[in-house]
Amino acid sequence: MIMRRRVTPVRAGAAAAALVLGGAGVLLGAAAGTAQAAEVSYATHCVPPAGVADPIDGTTKVEITAPATAKVGDTVDITWKFVQAASKNPDIIDLPANTVQPSGTVKAAGAQTADVAMQGPRENPAIPKGGDMVLSDMTGSLKLTSPGSVTLTPDAYTVNAYGTDTVCTPSGTVPQAATIEVTGTGSTDSASPSDSTSASASASPSDSASASASASASASASASDGTGQTDFTGKEVKIPYACKTPLGPKSATSPVQINAKKDGGSFDLTVQFNGSVMDSPADIPADKVKPSMEVVLGGADTGTVHVEGPTNSEAIKTGDPIKIPDLTGTYKPGASGESTLSPGVLTVEALGTTTTCTPTKTEVSLTLDTTEQASGASGSTTTSGGSSSSSSGGLAETGDSSNGALKALGLVAGTAILLGGAVFTFMPRKRTR
């Protein structure tokens with residue numbers, strides 16, 4: 001998603017009329033008072049995807065809606081309406097309907113301090129080149145924990161389209177947009193900013209439990225190897241990736257698990273991406289996406305093992321869930337002893353372009369007791385059946401290096417690949433009107 005500086009001012013009424021409403025309104029508890037709405041303007045600095053456009057400085061106009069009064073213990077909903085975004089769509093590509101999604105943060109202060117996570121649906125009208133950015137309403141909720149005045153102030157927001165983010169942060173003082181008068185006594189047990197970001201907060205205990213359980217499974221597998229066991233389950237590890245995509249750098253963290261099945265002196269490997277499934281932001285043709293990975297060996301053994309997955313067998317429609325399939329390959333040990341297996345470079349090929357994701361930090365998922373085999377993997381790369389996908393560490397050639405990224409926007413059909421909670425996407429060609 002790339003945006004450029006707004007050239008002409010937009011009247012608040014016209015911008016508001018163009019907004020696509022995403023569940024506008026406020027859901028209030030029984031004790032909450034009448035909703036209030038207040039509009040504020042603030043200077044904003046927006047950073048488009050690296051290498052595509054220069055940063056943008058503009059003005060954001062926001063209307064925040066929240067209840068005027070409520071009680072301690074109430075959970076109140078907050079709505080953020082974009083009266084005016086800080087920029088326009090540049091004269092490069094048309095943005096089809098329902099391809100743009102905003103997210104952001106509202107700062108709560110006063111009697112209670114919290115960062116309220118806000119997000120809007122991926123709903124927008126078609127936005128032509130040079131047209132006004134039209135962003136859906138964002139909503140979020142806050143559990144009130146202390147009596148007194150709680151102020152609400154809009155903060156940073158992100159505009160996502162086709163897997164690229166434009167991050168917009170305040171570059172000056174932001175006025176308070178609303179105040180909730182909270183009545184009651186004392187504070188609740190759940191007084192914490194995490195009330196408004198329960199998704200990430202609640203993930204920690206389960207992630208810890210999952211890691212603990214899978215770590216035990218991995219330890220058990222290592223100890224049992226050589227005693228007749230043939231199936232070995234690795235632990236799930238969260239790998240941070242730095243990716244080179246046709247639209248510039250991208251980063252994400254993905255849960256990855258490596259499992260093995262012993263076959264003679266070798267092991268059949270299966271690499272699983274255990275992240276949650278996200279919806280596809282565009283139509284994806286069948287048989288157009290090919291993922292692969294180089295599993296890194298350590299401990300007694302060295303080198304890498306190539307694993308790959310099948311292409312997508314069916315077309316995926318916009319809004320349908322997508323995920324990376326299991327990646328498989330064969331590990332033929334090149335050394336005897338305890339050998340470790342860790343997720344390595346992930347490569348996603350689609351229609352002549354390559355996205356390469358390199359771990360910024362890796363972790364052992366599986367440890368195996370191995371026996372050296374003739375022509376084993378030690379110091380080399382092992383491939384499994386068929387041709388191995390090569391990874392150059394960069395993007396496929398798309399033409400003149402000065403505008404290769406922009407040419408890729410028109411050459412690559414809508415293709416999205418899920419890594420855990422993040423989607424890496426190639427820009428689809430412009431739809432025929």
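Q: Phe 232: buried or exposed?
A: Phe 232 is buried, at 1% relative accessible area. Buried means under 20%, exposed over 50%, and partly exposed in between, using a 1.4 Å probe and protein chains only.

Q: What sort of model is this?
A: The model is predicted: local features need pLDDT of at least 70, side-chain atom pairs count only at pLDDT 80 or more, and totals for chains, interfaces and linings use all residues. Residues are numbered from 1 along each chain as its sequence is written, and side-chain values use heavy atoms, with hydrogens and water left out.

Q: How many aromatic pairs are there?
A: Five. Rings of Phe, Tyr and Trp (its six-membered ring) pair if their centres lie within 6.5 Å; planes under 30 degrees apart are stacked, over 60 edge-to-face, and the rest tilted. Trp 80 and Tyr 157 make an edge-to-face pair, 6.0 Å centre to centre with 70° between the planes. Trp 80 is in strand E5 and Tyr 157 in strand E10, 77 residues apart. Helices (H or I, at least four residues) and strands (E, at least two) are DSSP runs, numbered from the N terminus. Tyr 157 is buried, at 1% relative accessibility.

Q: And which ring pairs with Phe 232?
A: Phe 267 does: the centres are 6.2 Å apart and the planes at 65°, so this pair is edge-to-face. Phe 232 lies in strand E13 and Phe 267 in strand E16, so the pair ties together parts 35 residues apart in sequence.

Q: New topic. How many disulfides?
A: Two, a disulfide being a pair of cysteine sulfur atoms within 2.5 Å. One joins Cys 46 to Cys 168, S to S 2.2 Å. Cys 46 is in strand E2 and Cys 168 in strand E11, so parts 122 residues apart in sequence are tied together.

Q: Which cysteines form the other one?
A: Cys 243 and Cys 357, with sulfur atoms 2.1 Å apart. Cys 243 is in strand E14 and Cys 357 in strand E24, 114 residues apart.

Q: What's in the largest nonpolar core?
A: It has 41 residues, of which Ile 64, Trp 80, Leu 142 and Leu 152 touch the most other members. Strand E10 gives the most to this core, with five residues. A nonpolar core is a set of buried Ala, Val, Leu, Ile, Met, Phe, Trp, Tyr and Cys residues joined through side-chain atoms within 4.5 Å.

Q: What does Leu 152 touch?
A: Not counting residues up to four places away in sequence, its contacts (heavy atoms within 4.5 Å) include Ile 64, Ile 78, Val 106 and Ile 180. Apart from this core lies another of 30 residues, among them Val 256 and Ala 377.
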